[in-house]
Amino acid sequence: MQVSFTSVCSSTRNITNYFCRVRFFSKEIILFREDLQQKMRRHCLVQPNNTFQIHEHLVTTIIANEHLCPLPLTAQPIYWQFDAALRLHPTPDAIVLADKCEAYEARREGSLCFNPSAFPIDYCFVCYKPLADSLDWKKIPSGESIDDLS
């Protein structure tokens, strides 16, 4: 009996809206959709000077605290029964911080952290290659459709 890849994917596919852990062979990838950078800036004691420093500060804080929500409970309430899911120990291979801010990538302690940005703003997206541990930044030129990319 032969089983097609599309039949397996269609029967096991789930859409997440907030947080997801993906295991791809030996790689662990975390997808986190939250406006975390804005929340961190609102509750920051020392404001970073420029945009580059803001991204670096966010990634460093997340990796150093080993938690996806390193905010006080008054700023980000946490349901304690699921708090262990937000922990980052051991450090994952990739963390996708799907935020509203501009695109960036940073590496900390063996983990690749990146934000693909909002697609409708400039039609940019990222192709992450887990086995090569690399990113491919893509952009749809204005005037073309998604069908023209293949």
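**View A. Arg 87, at 40% relative accessibility, counts as partly exposed, and its side chain meets that of Asp 83 in a salt bridge.** The model is predicted: local features need pLDDT of at least 70, side-chain atom pairs count only at pLDDT 80 or more, and totals for chains, interfaces and linings use all residues. Residues are numbered from 1 along each chain as its sequence is written, and side-chain values use heavy atoms, with hydrogens and water left out. The N to O distance between Asp 83 and Arg 87 is 2.7 Å. A salt bridge here is a side-chain nitrogen of Lys or Arg within 4 Å of a carboxyl oxygen of Asp or Glu. Asp 83 counts as buried because its relative accessibility is 6%. Buried means under 20% relative accessible area, exposed over 50%, and partly exposed in between (1.4 Å probe, protein chains only). Over the whole structure, a search finds 7 salt bridges.

View B. Helices (H or I, at least four residues) and strands (E, at least two) are DSSP runs, numbered from the N terminus. Starting at that end, the elements run α-β-β-α-α-β-β-β-α-β-β. The chain has 150 residues, of which 35% count as buried. Its accessible surface comes to about 10,100 Å², and 56% of this belongs to carbon and sulfur atoms. Accessible areas come from the Shrake-Rupley method with a 1.4 Å probe, and for residues only the protein chains shown count as cover.

**View C. An open sheet is formed by 5 strands in the order 1-2-3-5-4, with mixed pairing.** Its edge strands are strand 1 (19-24) and strand 4 (104-108), each pairing on one side only. From one strand to the next, the twist averages 15 degrees. For such angles, axes are lines fitted to C-alpha atoms (for helices over the stretch in contact), and the angles run from 0 to 180 degrees between N-to-C directions. Strands 4 and 5 pair in the antiparallel sense over 5 bridges; two strands pair if DSSP finds at least two bridges between them. Arg 107 stands opposite Leu 112 in strand 5. The hairpin of strands 4 and 5 has 2 residues between the strands, and Glu 109 there takes a positive phi near 50 degrees.

**View D. Phe 114 lies in strand 5 (residues 111-115).** Its relative accessible area is 4%, so Phe 114 is buried. Leaving aside residues up to four places away in sequence, Phe 114 touches Ile 95, Val 96, Leu 97, Tyr 104, Glu 105, Val 126, Tyr 128 and Leu 135. A contact means heavy atoms within 4.5 Å. Leu 97 is 17 residues from Phe 114 in sequence, while the C-alpha atoms of the two are 6.0 Å apart in space. In the chain as a whole, 42% of the contacts with a separation of 6 or more are between residues 24 or more positions apart.

**View E. Strand 1 and strand 2 (residues 27-33) pair in the antiparallel sense over 6 bridges.** Arg 21 stands opposite Ile 30 in strand 2. Arg 21 also forms a salt bridge with Glu 28, and the closest N and O atoms are 2.6 Å apart. Arg 21 counts as partly exposed because its relative accessibility is 34%, whereas Glu 28, at 15%, counts as buried. Phe 25 is placed in the loop between strand 1 and strand 2. With a relative accessible area of 67%, Phe 25 is exposed. Together, Val 22, Phe 24, Phe 25, Leu 31 and Leu 131 make a nonpolar surface patch of about 490 Å². Patches are made of residues with over 30% relative accessible area and no salt bridge; like charges are joined within 9 Å, and nonpolar side chains (Val, Leu, Ile, Met, Phe, Trp, Tyr) within 5 Å.

**View F. Strand 6 (residues 124-129) and strand 7 (residues 134-139) pair in the antiparallel sense over 6 bridges.** The two strands form a hairpin with 4 residues between them, and Asp 133 in the turn has a positive phi of about 55 degrees. Val 126 has Trp 137 in strand 7 as its bridge partner. A network of salt bridges links Lys 129, Asp 136 and Lys 138. Between Asp 136 and Lys 138, the closest N and O atoms of the salt bridge are 3.7 Å apart. Asp 136 counts as partly exposed at 27% relative accessibility, and Lys 138 counts as partly exposed at 36%.
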